[in-house]
Amino acid sequence: MKTIKTDVCVVGAGAGGFGCVYRLLKNGINTVVVEKNMDFGGTAVFCGVDGWEPGVSLDGAHLLLKEELQKMNQGAAVLEAVPNCNLFFPENGMNWENHSFEQYPWGLSMPSNLHYSDTLKRCRSLRKDGSMKRFQFEGAAMTKAMHQVLAPYQNKLSALFGYEFYACEKSGRNIRSVTVKNGGESIRIVADFYIDATGDIILSREAGCAVAMGSESKYRYQEPSAGEKDSRQMNAVTYVFRVSPAADPNHIDEMPERYQKVDISAWKAYKMKRTVSCFCLYPNHDINVNMLPTMEGAEYIDFGEAADEVGKARVYSYWKYLQTEKNMNGYLLTKIFSAGVRESYRLIGKYVLNENDVRAGLFSQPKRGRTVAIADHALDVHGTSGMCRELEYPYEIPLECTMPREVDNLFVASRGASFSHIAAASARLTRTILSLGEGVGEYVAEQINSGLYFKNV
């Protein structure tokens, strides 16, 4: 088996992993990144969540990525939420009163002449008007932008794309090595630090770290919105899909035969017509459709390998409903992305960010030391027990939320960091996780370059 020795091994190359890698390389740290997909990007690229929701952020890599994306022809655009029927009835202008969610079950964001800084506001104290501003990009353009940002530091980076985490070896309170696989090939990676940037925190779980899944009772963290008991309730899963204008203005897609055989009758009867989607217009006028949601989080887990068949059958059925009953004829479905999972396993780390921290905000939440990210997205839970509660102020995410209690040289930089179920509903957003990854990368680089970590050990 081949062995690679490095300073830091980052497992996962989504937003959090990229943020870690960028900060490590910028500080001169030799880094190996492992990713099961064939490139950087994670959920934003491979699951169709190819836009940044409005939200505050620390300065960092998102500004560099934005600059690279805006250099590309139709690579990205600032979107503004407009009256939802505006795409089809532009004569309505900005008059929201003309819209009916029952008749047009979607919210629409369209390209505007607004500045990127307008997308960095979500909470009430920052966003003075009612309109949402998003930053939409093409997935392939984002991957290209990531490579451009990392280009000056390539001599310090080894990227193992197409490799999956397989096992880890521990010694006392430290990880000694991880083994990754690509088909029949195995590679052992020996590093001083390891960063778990996978959505399902697979490395942390293998290393024996305490984890949570589902929602906690109100007695766990005294969260006012929590239920009376722990439950399997998780934020719901969406199969995002993309549609394009058809040459025939009356075009209606047919469901492929394989999906006609999937039994989704109960979902169609009780949930399909209650689904409201977020429509985001790409620069080339295709539409990104984020149906909210496609299936419950626990339901997705229970379906196992069958989840994809069920999810895509629901997409086709929902799309047929929009085309035949909600005036979406004239478009054709061109792509269904991989499942967009909002929540699964979460670390129980040195500190668990909870609803009280999020709602208290920067000025009132307890200070716990170094801040790795700030955020202000709503407490946004999709599914049967859903809620969307806007915040008054931004809040901070402390470094302790990325630190397991059981392992000293491991950090978590993903949506699986140490958040309660309710706090994760806000902190999980891509731009926030990018910033969190940068904070972890900067801290680890500082420990290595100063030698303080090893002296302390």
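This is a predicted model: local features need pLDDT of at least 70, side-chain atom pairs count only at pLDDT 80 or more; totals for chains, interfaces and linings use all residues.
1. Overall dimensions. The protein has 457 residues and a radius of gyration of 22 Å, which agrees with the value near 23 Å that a compact globule of 457 residues would have. Along the principal axes, the C-alpha atoms fill a box of roughly 70 × 50 × 45 Å.

2. Secondary structure and contacts. There are 14 helices and 25 strands in the protein. Take the contacts between residues at least 6 apart in sequence: 76% of them join residues at least 24 apart.

3. Burial and surface. Of the 457 residues, 59% are buried. The protein exposes about 18800 Å², and carbon and sulfur atoms supply 48% of that area.

4. Charges. The protein carries 51 positive and 53 negative charges.

5. S215. This serine sits in the loop that runs between β13 (211-212) and α6 (218-221). S215 has a relative accessible area of 12% and is therefore buried, the limit being under 20%. Its side chain makes a polar contact of 2.5 Å with the side chain of S231. Beyond residues up to four places away in sequence, S215 touches D230, S231, Q233 and H421.

6. G383. This glycine lies between β22 (379-381) and β23 (387-389), in the loop. Its relative accessibility is 25%, so G383 counts as partly exposed. Leaving aside neighbours within four places in sequence, G383 is in contact with A236, P293 and E296.

7. P293. The peptide bond joining L292 and P293 is cis, with omega about -10°. P293 is in the loop between β17 (287-292) and α9 (297-303). P293 is also among the contacts of G383.

8. Positive phi at Q74 and I201. Neither residue is glycine, and each has a positive phi: near 60° for Q74 and near 40° for I201. Q74 is in the loop between α3 (61-71) and β5 (76-82), while I201 is in the loop between β12 (193-196) and α5 (202-206). What is the burial state of each? Q74 has 40% relative accessibility and so counts as partly exposed. I201 has a relative accessible area of 0% and is therefore buried.

9. G162. This residue lies in the loop between β8 (157-161) and β9 (164-171). G162 counts as buried because its relative accessibility is 15%. Its contacts, neighbours within four places in sequence aside, are E35, K36, N37, M38, K181 and N182. G162 and P293 are 131 residues apart along the chain, and 29 Å separates their C-alpha atoms.

Definitions and conventions
Residues are numbered from 1 along each chain as its sequence is written. Side-chain values use heavy atoms; hydrogens and water are left out. Helices (H or I, at least four residues) and strands (E, at least two) are DSSP runs, numbered from the N terminus. Buried means under 20% relative accessible area, exposed over 50%, partly exposed in between (1.4 Å probe, protein chains only). A polar contact is a pair of N or O atoms within 3.5 Å; within protein, one must be able to donate a hydrogen and the other to accept it, and residues adjacent in sequence count only if both atoms are side-chain atoms. Contact means heavy atoms within 4.5 Å. The radius of gyration is taken over C-alpha atoms; the globule rule is 2.2 Å times the number of residues to the power 0.38. Accessible areas come from the Shrake-Rupley method with a 1.4 Å probe; for residues, only the protein chains shown count as cover. Lys and Arg count as positive and Asp and Glu as negative; His and the chain ends are not counted. The place of a charge is taken as NZ of Lys, CZ of Arg, CG of Asp or CD of Glu.
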